Amino acid sequence: MGRDRSEFGDFVTARWPAMLRTAYLLTGDHGHAEDLVQTALAKCFVAWPRLRASAAADAYVRKAVLNTYLSWRRKRSWHELPSDQPPERAGVDSTEGLAQRSVVMDALATLPPKQRAVVVLRFYDDLGVQQVAQHLGCTTGSVKRQTSVALAKLRTVLGEAADLVEEAPSVDGRGRR
Amino acid sequence: MSPTMKDLLSDEVRDLPTSPIPVDAVIGDGRRRLRRHRATSGTAAFAAVAAVAALAVQGLPSDDGFAGVGEFEQRKVTYATASTIHYGGQEIDVSPHQVWSFVQTDDGFVFTTESGDVYLADGETVEQIGDGNDDGLLAADDTGSYVAWVDSDAEAVVYDTADRAEVTRTAVDGEPTDGVWLDDDAPYAVAVDGDVAYWRTGDGVVAWNLTTQSGEVLVAHPDQFFVHDVADGRIAQLWTPGADLPRHVVVSSDPDAERPLFPMTERTDLSPSGHHLALGDRFDPAGRIYDVARRDDVTPTLPAGYRRVFVTQWIDDDRYVARAQPEGSDQIDLLRCSISAGTCSVAASAVGSAGDVQYPVGQLDPY
């Protein structure tokens, strides 16, 4: 099977917005997020002949985004590095939407890459522990530990806004909404 | 009522600036990657490549899907000195890094530095792929693209050099649960065999299936069964039958099956199919090669005047490379030997002083 440009283009068009949102939460930077998604989708292009015939294309592109993100972070080629220092705005009023979002992004930036990925996959993408483990190539126990440590750190960093992270997803990945 | 984490993350991305989706740029990037893969794979048979990839990483959506068809698939006489990896007649410069220990995969060479950083050299680039490997211990199969190590955070890592991505990172524990301490507490990677990686932990030797991403304790008492190597399902272990009984090397794919016994030695390396076993010991100047099934000594005839002969790599199931020191010299010669021909010849002479030469065995010169 070949690489049908139109078909792959449709796939890119369909998946780009969602992948960009996930990538932005991982990177905290719009430009980095675009680079990340473009690289991941280019990798998908290479594998497209076998992906197009399966239902695995979505999982593949998400995994490619994660692998590329973690690889870039390992090479320390990233401008936004995790910091143990809490953001200065930790005490912000949690009812202020815009400021609150900035606080959350600042808090995410304090997490190591894998913990940040776990938080984004579980809380934003609504993936279950097993799915996250498969995406990250680790055990479910590791995902649970990473989630627990990440949430504890987010609570510490967020200060008064700590109740924002009280709602952990259940095992099947769904929050209590 | 406070919003949830999901709400906050969703709000954060709701108003992301919209820009045209760069479909042409993505496809252009993809085409460049495809050309690069085809150029390095040395094959134009895309379907065959895809099939190999599917076998190599089945069940795991991979980073690019072209595992196991790398430029360095062939095993040649290989060693490293300082910042140069010698691969047949090819020299691969990894400066400014100095090779502390290294292994070969089908896609290049994974090496550590004295500081514990882990790099992949593919003949064109040198890319850092890990750190914290303070012991400099690496494990790789005789063929394939997986390399394993344990870092200083006590996490076992398996990296796929074809996909340029980690396929496993999982916590390992050096703390024994049954009170049996290892002679060295730190966990480390023992071997990679196909899609199974083996590492030694406080609970014993763990076999980690890379397809299912799950592990089982294979050998629960590492003080009695010290796993040296695994090849094609056959496991070479150092076995201590009892406190006052002599230790042996045993080879088996089934822990309960009858195990052929071999003399205990310092170095134990199975051939790729596990049919031959190389034993090396500083007190035996020749080193020994055994036919595992028949337990016959099939050691080829060595050129005269060598001591400290150890197998450093298997070229295939019949041929291997050994390091050897001429009597009265600290210089290293590399011998190429054939079991079926029963002979060895000098493949490279005086490649460096003992201690200055590294071999693709995944640890600092152990000889």
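1. Conventions. Local features in this predicted model need pLDDT of at least 70 and side-chain atom pairs count only at pLDDT 80 or more, while totals for chains, interfaces and linings use all residues. Residues are numbered from 1 along each chain as its sequence is written, chains are lettered from A and ligands numbered from 1 in the order in which they are written, and side-chain values use heavy atoms, with hydrogens and water left out.

2. Helix 1 of chain A. Helices (H or I, at least four residues) and strands (E, at least two) are DSSP runs, numbered from the N terminus. Helix 1 of chain A covers residues 5-27 and spans only 29 Å between its end C-alpha atoms. A straight helix of 23 residues would span 33 Å at 1.5 Å a residue; the expected span is 1.5 Å times one less than the number of residues. The helix bends by about 45 degrees at W16(A). The bend is the angle between axes fitted to the seven residues ending at a residue and the seven starting there. A proline, P17(A), follows within four residues. Just after the helix, G28(A) takes a positive phi of about 75 degrees.

3. Buried residues in chain A. Buried means under 20% relative accessible area, exposed over 50%, and partly exposed in between (1.4 Å probe, protein chains only). C44(A) is buried at 0%, and C138(A) is buried at 3%. K43(A) sits in helix 2 (residues 30-51) of chain A. Is K43(A) buried or exposed? K43(A) counts as buried, at 11% relative accessibility. Its side chain makes a polar contact with the side chain of T68(A), at 3.1 Å. A polar contact is a pair of N or O atoms within 3.5 Å; within protein, one must be able to donate a hydrogen and the other to accept it, and residues adjacent in sequence count only if both atoms are side-chain atoms.

4. Chain B overall. The secondary structure of chain B comes to 3 helices and 28 strands. Of its 367 residues, 55% count as buried. Among contacts in chain B with a separation of 6 or more, 40% come from residues 24 or more positions apart. Contact means heavy atoms within 4.5 Å. Helix 1 (residues 5-14) of chain B is mostly covered, with 7 of its 10 residues buried. Among them are K6(B) and E12(B).

5. Strand 9 of chain B. Why is strand 9 (residues 146-150) of chain B largely enclosed by the rest of the structure? It is so because 5 of its 5 residues are buried. Y146(B), A148(B) and V150(B) point one way, and V147(B) and W149(B) the other way. In a regular strand the side chains alternate between the two faces of the sheet.

6. Partners of strand 9. Two strands pair if DSSP finds at least two bridges between them. Strand 8 (residues 139-140) of chain B joins strand 9 through 2 bridges, running antiparallel. A139(B) stands opposite A148(B). This hairpin has 5 residues between the strands, and G144(B) takes a positive phi near 110 degrees. Strand 10 (residues 155-160) of chain B pairs with strand 9 in the antiparallel sense over 5 bridges. A148(B) also stands opposite V158(B) in strand 10.

7. The open sheet. An open sheet of 4 strands in chain B has the order 3-2-1-28, with antiparallel pairing. Strand 3 (90-93) and strand 28 (357-358) each have a single partner strand, so one side of each is left without a neighbour in the sheet. T84(B) stands opposite D93(B).

8. Backbone points to check. Most residues other than glycine have a negative phi, and most peptide bonds are trans. S95(B) and P96(B) are joined by a cis peptide bond, with omega about 15 degrees. R164(B) is not a glycine, yet has a positive phi of about 55 degrees. R164(B) is partly exposed at 24%. A350(B), also not a glycine, has a positive phi of about 50 degrees. A350(B) is partly exposed at 45%.

9. Disulfide. The structure holds 1 disulfide over all chains. A disulfide is a pair of cysteine sulfur atoms within 2.5 Å. C337(B) and C344(B) form it, their sulfur atoms 2.0 Å apart. The link is right-handed, with 110 degrees about the S-S bond. C337(B) is buried at 2%, and C344(B) is buried at 12%.
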